[in-house]
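Grab a pencil and work through these exercises with the model on your screen. Try each task yourself before you read its solution.

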Amino acid sequence: MTSLTRDVHKWLQSLDLTFPVRNVRRDFSNGYLVAEIFSWYFPQDIQMHSYDNCSGLPGKLGNWSQLQTFIKRQDLEIPQELIEGTLHCRPDAAELLVQFLYTKLTNRKICKLALNRDIDFTDHHYQMTLPLHARNTATTAVKTNLKITEFVTEPNIITGQQKAQDIIYRHTQHRQEERMEDPQRFNIGPSIGQRCVRKPPPLRGTVFIEGGSRSERLDSGTTQLPQQADKSSTSSGRPAREIIVNQLDHTAQMAIRPSGTLSPNSILPPIASTS
């Protein structure tokens, strides 16, 4: 009972339960001790002969079904995640449930929770205390954090696949964080892209031509050479000559569409005779 505070431990001993609590996760999973705790505060609503101190799944489901009906009647507002986590023996679920019952039934506050960390009902906190070579793999994490009783109580294949994918995703995220924190252990070196020399890109709107001169590209698509290009000369000493080419404007041509009234002679040019 190292996960429970001293005040909660003394409170459980004062209730004079049927058997002492040795393993919180295992002893509270069937709901029998929870019903016995409620019987001390609500003796008229809880009859212990209706509950079975068993270890099988059908008996556990029967006990928790009666307890959930009682909890709704009394408006105790116990989170459903705590009940399901305690039923399936998930890590930290039973400890939080006992501390929640202590604050609800005694109207006292716990100064400091024993579980002063992020609660996700997984064994992530325990895995962080182990060395890197002893931590779970992805398959072991699924086997540890996903109980067989969850598939029996909810035999939906899609729901089971989503739970397994969430566990694998969290496991992958933790492994990536470990690689980022200690890259030397995993022999992580720079990639090929990081080893390549990065050249600065050319300025936007400029075009480089032969000879090292630069020309500026205007919005209309034409290229305007700098003033130095006008005074440049060829190797023979002759000045550069600008050649203007008149391109054919296809929009100015008259489109010829064949019609039924025209004959081929009116479209084709006459052929000159060789004689």
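**Exercise 1.** How many residues does the largest nonpolar core have, and which of them have the most contacts inside it?

*Solution.* Keep in mind that you're looking at a predicted model.
- Step 1: the largest nonpolar core has 37 residues.
- Step 2: Trp11, Phe28, Val34, Ile37, Phe38, Ile78 and Val98 have the most contacts inside this core.
- Step 3: now look for the elements that supply two or more residues to this core, and you get helix H1 (6-14), H3, helix H4 (57-74), helix H5 (80-87) and helix H6 (93-106).
- Step 4: H6 gives the most to this core, at eight residues.
- Step 5: another core, of five residues, lies apart from this one, and Ala141, Val142, Leu146 and Ala164 are among its members.

**Exercise 2.** Is Asn30 buried or exposed? Then work out what its side chain reaches.

*Solution.* 
- Step 1: find Asn30 in the loop between helix H2 (24-27) and helix H3 (32-41).
- Step 2: its relative accessible area is 4%. Buried means under 20%, so Asn30 is buried.
- Step 3: leaving out residues up to four places away in sequence, Asn30 touches Asn53, Cys54, Lys60, Asn63 and Trp64.
- Step 4: the side chain of Asn30 makes a polar contact with the side chain of Asn53 at 3.0 Å, and it also reaches the backbone nitrogen of Tyr32 at 3.2 Å.
- Step 5: check the C-alpha atoms of Asn30 and Ser55, which are 6.6 Å apart although the two residues are separated by 25 residues along the chain.

**Exercise 3.** Where is Ile148 found, and does it count as buried or exposed?

*Solution.* 
- Step 1: Ile148 sits in helix H9 (residues 148-153).
- Step 2: the relative accessibility of Ile148 is 63%. The cut-off for exposed is over 50%, so Ile148 counts as exposed.
- Step 3: together with Phe151 and Val152, Ile148 forms a nonpolar patch on the surface, with about 310 Å² of accessible area in total.

Technical notes:
Residues are numbered from 1 along each chain as its sequence is written. This is a predicted model: local features need pLDDT of at least 70, side-chain atom pairs count only at pLDDT 80 or more; totals for chains, interfaces and linings use all residues. Side-chain values use heavy atoms; hydrogens and water are left out. Patches are made of residues with over 30% relative accessible area and no salt bridge: like charges are joined within 9 Å, nonpolar side chains (Val, Leu, Ile, Met, Phe, Trp, Tyr) within 5 Å. Accessible areas come from the Shrake-Rupley method with a 1.4 Å probe; for residues, only the protein chains shown count as cover. A salt bridge is a side-chain nitrogen of Lys or Arg within 4 Å of a carboxyl oxygen of Asp or Glu. Helices (H or I, at least four residues) and strands (E, at least two) are DSSP runs, numbered from the N terminus. Buried means under 20% relative accessible area, exposed over 50%, partly exposed in between (1.4 Å probe, protein chains only). Contact means heavy atoms within 4.5 Å. A polar contact is a pair of N or O atoms within 3.5 Å; within protein, one must be able to donate a hydrogen and the other to accept it, and residues adjacent in sequence count only if both atoms are side-chain atoms. A nonpolar core is a set of buried Ala, Val, Leu, Ile, Met, Phe, Trp, Tyr and Cys residues joined through side-chain atoms within 4.5 Å.
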